[in-house]
Structure formats: structure tokens, C-alpha cells
Amino acid sequence: MSTTQSERLRELLEPLVTAQGLDLEEIEVDSVGRKRVLRVVVDSDEGADLDAVADVSRALSAKLDETDAMGTGEYTLEVGTPGAERPLHEHRHYVRAVDRLVRFQLVEGGELVARILEVDEDGVDVEVPGVKGRKATGRRLGFGDIDKARVQVEFNRKDKKEEEA
């Protein structure tokens, strides 16, 4: 997808997504055989439930049908939310990942898996889980220290309420 088409689609669709109380996270156009697929990823601080995704999907579909933004050929519109192991790029992504386990690729090299405790304008406070019976330790990461960050899926995490009982 050309930058021009990407920018044009974002300008067209972002106001509709925002009007639904969501953030437009990503737009991607892929070719699948002769058809094209327009993937739109939306989210909010509270998350986006199925009803919200369906509402925004209908609004986007109607707008796309009345314009030539996707050209005259067939395409499929897919609207969804970020996956469970979402990458963190913007400040709001880190805020939404508070209390989640995240794999950080550091600018200086190396990797760190830690739970985000707090986020401010300069970086994140994290808790690095203890290994082999050791206690967890706190650490501060400035946004400039982080090359990449991705939320990790946790299957066996105990709920805080269970731990306090």
C-alpha cells in the first residue's frame, strides 16, 4: 500500500473510529489472490468489546462504500483489536499494558521480561520477577532505553486477590 493511500485511508477512517470512542491503531492493505483485504485495528483504554468492533465496522464499511478510497476492485474489510502479544509503540500502549508482563528488547542490547507497574512521560517502572525463590526487583526503563516491547501471554498467573487471601 502506498504511503499516499495509507494516509488517505487514515484521514478518512480515523474520525469515524474516534467518534465511536476508539483509537485507530493500524491500517493494512494486503492482496490475497485477486482480492484485497483491508485490516483495521482499533483499541481503547478500556478495550474494545465485540459490540464496539461491530459498530465501528459498520461505520467504516458505509464510509468506504460511498468513497473510492479502496478503488473499484473487490476487497474485504476486517476490523479487530490488537492481538494478545501486541507490540507497544506509543505511550498509550504502555499505559494499557500496566500490570502486564512485557518482553523488552533494550537499545544497549539484551532482553528483559518484566511486569509494568507504572508509566509516566519519561518511561516505565517495572518489576522483574525473581528466579529460583529470589524476590522480584524493581527497575526503571526510560523510553529511550527500549528498542522494542511486546506484551507476553500468561497462562498460570495468580490473580492479585488470590495472592492476598
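Author: Two strands pair if DSSP finds at least two bridges between them. Strands (E, at least two residues) and helices (H or I, at least four) are DSSP runs, numbered from the N terminus. The model is predicted, so local features need pLDDT of at least 70 and side-chain atom pairs count only at pLDDT 80 or more, while totals for chains, interfaces and linings use all residues. Residues are numbered from 1 along each chain as its sequence is written, and side-chain values use heavy atoms, with hydrogens and water left out.

Reader: In what order do the strands of the open sheet of three stand?
Author: S1 and strand S3 (75-80) are at the edges, each with a single partner strand, so one side of each has no neighbour in the sheet. The pairing in this open sheet is mixed, and the order is S1-S2-S3.

Reader: Over how many bridges do S1 and S2 pair?
Author: Aspartate 23 is placed opposite aspartate 43 in S2. The sense of the pairing between S1 and S2 is antiparallel, and the number of bridges is nine.

Reader: At about what angle does helix H2 run to S3?
Author: Axes are lines fitted to C-alpha atoms, for helices over the stretch in contact (heavy atoms within 4.5 Å). Angles are taken between N-to-C directions and run from 0 to 180 degrees. Helix H2 (residues 50-65) lies across S2 and S3, and its angle to S3 is about 150°.

Reader: Which are the edge strands of the sheet of five?
Author: This open sheet has antiparallel pairing and the order S7-S6-S5-S4-S8. Each edge strand pairs on one side only; the two are strand S7 (137-142) and strand S8 (146-151).

Reader: Which residue in the turn between S4 and S5 has a positive phi?
Author: Five bridges join strand S4 (residues 101-106) to S5, and these strands run antiparallel. Within S5, leucine 112 is the bridge partner of phenylalanine 104. S4 and S5 make a hairpin with four residues between them, and the residue with a phi of about 100° is glycine 109.

Reader: Which residue in S6 is the bridge partner of isoleucine 116?
Author: Strand S5 (residues 111-119) and strand S6 (residues 123-128) run antiparallel and are joined by four bridges. The partner of isoleucine 116 in S6 is valine 126.

Reader: What is the phi of aspartate 99, which is not a glycine?
Author: Most residues other than glycine have a negative phi. Aspartate 99 lies in the loop between H3 and S4. Its phi is positive, at about 75°.

Reader: Is arginine 92 buried, partly exposed or exposed, and at what relative accessibility?
Author: Buried means under 20% relative accessible area and exposed over 50%, with partly exposed in between (1.4 Å probe, protein chains only). Arginine 92 lies in helix H3 (residues 91-96) and touches Asp23, Leu24 and Glu25, not counting residues up to four places away in sequence. Arginine 92 counts as partly exposed because its relative accessibility is 25%.

Reader: What is the volume of the largest pocket?
Author: A pocket is an open set of points on a 1 Å grid over the protein atoms alone, where a 1.4 Å probe fits, with protein on both sides within 12 Å along at least five of seven lines; lining residues have an atom within 4 Å of a point. Among the 13 lining residues, those closest to the centre of the largest pocket are Glu25, Glu26, Val41, Pro82 and Pro87. Grid points are joined across faces, edges and corners, and a volume is the space filled by probe spheres set on the points. For the largest pocket, the volume is about 240 Å³.
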